[in-house]
Amino acid sequence: MIIAANLKTNLTRKETNEYLKEIESFVTSKNLTQEVLVFPAMSSLDHNDTSIIVGAQNAYATRDGAFTGEIGLVHLEEFAIKTVLIGHSERRHILGETQEELVKKFNYYKELGFKIVYCVGEPLDKREAGKSEMMEYITSQYAGIDTEYENLIIAYEPVWAIGTGLTPSLEDIEDIHTALKAKSTAPILYGGSVKVTNAKEVLALKNVDGILVGSAALYGEHFCSMIAFAQELEVQ
Ligand code: PEP
């Protein structure tokens with residue numbers, strides 16, 4: 001399974017380095033074979049000699065150039081980063097990234113062979129509008145995306161569940177993941193208020209191939225427990 005941590009705008013470079021060491025030492029000491037991804041804040045990227053996959057939370061579709069406040073390929077190459085998160089709800093809904101902009105990023109990093117974690121998910125009004133409107137909304141987030149890209153991972157993250165402590169029912173998560181499986185063979189992670197107390201039941205669901213964890217992943221020991229849950233489920 002794929003267990004990913006989105007550290008958002010948290011942890012300095014020093015703290016991130018300590019965090020990565022903690023996670024790696026847990027994974028290696030327990031011989032865990034799960035795919036573990038960590039997305040640190042941009043300024044916390046570093047030359048990490050680690051078996052954990054470190055990715056960027058965002059990057060502009062450029063090698064370099066005049067794009068104030070953005071980072072490009074050269075900045076990722078400096079740290080041998082080959083994984084990028086695209087379309088996180090905070091980028092779509094707080095920072096106003098459009099589907100068109102996301103597609104540009106997707107295509108740029110796809111051409112370079114990056115592992116791409118591409119996020120989709122509905123806001124509350126779309127969920128409340130009923131299943132068909134909700135699925136139509138989520139489908140619109142697939143527009144222009146090569147769903148057969150071999151290094152694609154989809155993260156289904158309902159916007160209203162991110163950082164709120166709310167989650168869809170387990171049945172809903174399974175239903176939506178099953179519907180999304182029909183669109184792409186890519187693994188699908190669930191994200192949105194996953195914690196150490198609900199991770200195991202989410203990971204056990206059909207068509208859930210892993211989790212993307214925000215707030216709860218900031219506690220290294222909690223994130224480690226979630227990796228261990230995935231391992232337990234896989235050997236069952
Ligand atoms: C996220 O940021 O991708 C996320 C799922 O956040 P949280 O776990 O805090 O809801």
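A80 sits in the loop between α2 (73–77) and β4 (83–86), where helices (H or I, at least four residues) and strands (E, at least two) are DSSP runs numbered from the N terminus. This is a predicted model, in which local features need pLDDT of at least 70 and side-chain atom pairs count only at pLDDT 80 or more, while totals for chains, interfaces and linings use all residues. Residues are numbered from 1 along each chain as its sequence is written, and side-chain values use heavy atoms, with hydrogens and water left out.

**Backbone**
- Although A80 is not a glycine, its phi is positive, at about 55°.
- A80 is exposed, with a relative accessible area of 65% (buried means under 20%, exposed over 50%, partly exposed in between; 1.4 Å probe, protein chains only).
- L11, in the loop between β1 (2–6) and α1 (13–29), likewise is a residue other than glycine with a positive phi, near 70°, and it counts as partly exposed at 24% relative accessibility.
- Most residues other than glycine have a negative phi.

**Cysteines**
- The count of disulfides (pairs of cysteine sulfur atoms within 2.5 Å) comes to zero.
- C119 is buried at a relative accessible area of 1%, and C224 is buried at 4%.

**Ligand site**
- The ligand is surrounded by 14 residues, the closest being K8, E157, G163, S193 and S215 (a residue is near if one of its heavy atoms lies within 4 Å).
- An oxygen atom of the ligand lies 2.7 Å from a polar side-chain atom of K8, and a ligand oxygen atom is 2.6 Å from a polar backbone atom of G163 (a polar contact is a pair of N or O atoms within 3.5 Å).

Technical notes:
Polar contact = N/O pair within 3.5 Å; in protein donor to acceptor, adjacent residues only side chain to side chain.
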